[in-house]
Amino acid sequence: MLKLFAKRQPAQRLADLKKLSLFVDLSRREMKIVDGFMHERNYLENEIVFDEGDEGQAIYFILAGRVLICPQGQPQAPIATLERGNFFGELALLDDAPRVAQARAAQDCTLAVFFRGDFLELMQSHALIASKIAFQLARHLGARLRASVRREQAQ
Amino acid sequence: MRRERYQSGPLVWLSIVAATSLLLFLFQKILWLVVPFLLALIGYYLLYPVQQRLVLAGTSRDAAAALVSGGAFAVGGGGMLLAFPWISAHLVAWQDVAARYIAGGLRFIAETLAWAESNSSFAAKAHLSDQLTQHINALGEHLAGTYLTDAALTAAAWFPSLLLAPFLAFFFLRDGWRFKMFLIRAVPNAFFERTLYLVDQVDRTARLYFQGLIKLTVLDALCLACGLWLIGVSAPLTLGLLTAVLAWVPYVGSILGCLLVVLVAATDFPGDPAVAYAAIGLFIWVRLLDDFFFMPMTIGRSLKLHPLLTVVMIFVGGAVAGVAGLMLVLPLLGIAMVLGETVGEIVTDTRLRARHTFGQELRQRQATRDLQA
């Protein structure tokens with residue numbers, strides 16, 4: 001019966017996750033611990049992952065397929081199209097502020113989901129792993145901020 | 001476009017109270033399973049931090065669960081095996097000690113009533129000390145024949161089901177996270193994030209409650225033990241621990257604990273009722289400390305219940321399921337509250353339901369695509 005609880009493809013998912021910038025500092029052992037917290041979800045093309053204004057509870061990693069980030073109900077005016085190896089909804093790791101845009105599957109996709117509650121638990125039980133993720137998250141947000149400033153200056 | 005924060009209405013709260021009462025009613029029917037389950041949960045939350053340490057040190061979750069559970073089995077089982085010859089050797093002596101303490105306690109109550117009758121005409125008219133003496137004599141005649149036999153039979157009947165507790169604790173440690181993932185996998189995409197939050201809240205509530213209960217027991221036991229040691233009562237640590245564990249049952253447990261302390265104090269110092277009164281005073285002081293200081297610091301933080309609702313639900317628990325209800329009502333209410341509020345939030349969210357319907361339509365279309373062609 002315990003096979004019912006087992007995950008399907010942990011080795012492949014582990015390899016995919018390890019390539020993500022957020023987990024670049026983690027060792028294989030640390031990555032396995034983080035992988036233990038991951039949920040895997042499948043979305044069909046056009047299915048909504050989350051809405052603008054939803055309370056953010058989790059960060060999503062794209063394992064397969066493409067995801068569209070757009071203003072609520074305007075998939076024809078996308079803010080970004082993300083592919084395998086990207087992640088989105090990362091601000092939800094920091095607080096439960098409302099999502100700033102809608103995310104919907106641009107094609108059938110598989111996502112790994114990391115819940116904020118698990119991240120907080122990781123901070124308590126595995127502070128080193130959590131700090132490595134938090135550091136990479138800060139670098140990622142810093143890079144986005146710089147890019148945004150550069151875009152504004154160019155305009 | 002932030003949505004309005006959901007506030008549970010009276011219907012949701014009524015459902016929460018009704019569900020808690022129904023669960024209590026059902027649980028008292030399968031108490032043989034609920035009690036080991038609860039003990040296993042306490043064991044799980046006690047051992048979980050140790051397991052986490054081992055995982056951090058590089059051990060896999062399964063191996064860490066096996067190591068921690070094996071260690072706990074070895075300590076518990078080994079302790080019982082080592083203690084068994086000693087317990088058998090002292091059993092008869094303990095029986096005498098128990099009888100001596102019961103006699104001492106009853107003598108103390110009879111003396112107190114006699115003193116009250118000699119000082120108050122109202123108490124004298126009630127003839128309480130005579131009635132008590134009659135009851136004591138009747139109890140003494142039946143104690144060995146009826147009550148002790150019943151107690152021994154009950155203990156023997158409970159023993160096999162209590163053996164379940166360590167096994168359940170091991171499986172909670174080893175497969176608890178897999179079970180959580182398994183449950184969440186069954187949730188539709190539209191409700192996924194909200195359900196993750198719900199499961200996390202239930203887990204957090206239960207963990208904080210049981211860890212709070214353990215902390216509260218340790219604090220209570222230490223305070224009582226220190227006080228009893230200062231008064232000069234024998235075996236202060238054992239008494240403190242016993243009364244702290246008895247306090248897991250609201251009201252009834254506290255009264256039993258107080259009686260136990262008074263029995264010991266009155267027997268240790270038969271000619272000095274002041275010691276027994278000091279023990280009662282100490283007990284009341286620790287209870288107050290517990291209610292106003294320790295409880296909000298430990299358990300209170302986990303449940304965030306309104307004090308009036310807490311008291312009312314304790315009475316409801318007692319009425320529906322007796323002593324078991326008194327013990328179970330607060331953790332059950334805490335969990336029913338989180339579940340009820342979240343289910344209420346999901347059910348009343350039109351957007352989530354619309355997203356779910358849309359997702360189902362997409363799946364239906366994908367499943368029937370070749371059929372339509």
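Tutor: Helices here are DSSP runs of H or I with at least four residues, numbered from the N terminus. The model is predicted.

Student: Which helix gives the largest share of the lining of the largest cavity?

Tutor: Strand 2 of chain A and, from chain B, helix 7 (192–231) and helix 13 (350–367) each supply at least two residues of that lining. With three residues, the largest share comes from helix 7 of chain B.

Student: How much space lies in the largest cavity, and which residues lie nearest its centre?

Tutor: The structure holds three cavities of 30 Å³ or more. In the largest cavity there is about 130 Å³ of space. Its lining has 15 residues, and those nearest the centre are A:Asp54, B:Ala190, B:Glu193, B:Arg194 and B:Arg355.

Student: How many residues of each class form the lining of the largest cavity?

Tutor: Tyr and Pro count as nonpolar under the classification used, whereas Gly counts as polar. On that basis, the lining of the largest cavity comprises eight nonpolar, two polar and five charged residues.

Student: Which helix gives the most to the lining of the second largest cavity?

Tutor: The second largest cavity holds about 60 Å³ of space. Among the residues lining it are B:Arg107, B:Glu111, B:Phe269 and B:Asp272. Helix 3 (61–119) and helix 10 (273–297) of chain B each supply at least two residues of this lining. The most, four residues, comes from helix 3 of chain B.

Student: What is the division by class in the lining of the second largest cavity?

Tutor: B:Gly104 is one of the lining residues, and Gly counts as polar. The lining has six nonpolar, three charged and one polar.

Student: Turning to the interface, what area is buried between chain A and chain B?

Tutor: In chain A, 44 residues are in contact with 38 residues of chain B. Carbon and sulfur atoms give 51% of the buried area, which totals about 3700 Å².

Student: How far apart are the closest N and O atoms of A:Asp51 and B:Arg351?

Tutor: Across the interface of chain A and chain B there are five salt bridges, and 16 residue pairs are in polar contact, both residues being at pLDDT 80 or more. A salt bridge requires a separation within 4 Å. A:Asp51 and B:Arg351 form a salt bridge, with their closest N and O atoms at 2.5 Å.

Student: How do the residues of the side of chain A that touches chain B divide by class?

Tutor: They divide into 12 polar, 15 charged and 17 nonpolar.

Conventions. Residues numbered from 1 in each chain as written. Chains lettered and ligands numbered in written order. Predicted model: local features only at pLDDT ≥ 70, side-chain atom pairs only at ≥ 80, totals over all residues. Heavy atoms only, no water. Contact = heavy atoms within 4.5 Å. Buried area = accessible area lost by both parts, 1.4 Å probe. Salt bridge = Lys/Arg side-chain N within 4 Å of Asp/Glu carboxyl O. Polar contact = N/O pair within 3.5 Å; in protein donor to acceptor, adjacent residues only side chain to side chain. 1 Å grid on protein atoms, 1.4 Å probe; cavity = no way out; pocket = protein on both sides within 12 Å on 5 of 7 lines; lining within 4 Å. Points joined across faces, edges and corners; volume = space filled by probe spheres on them.
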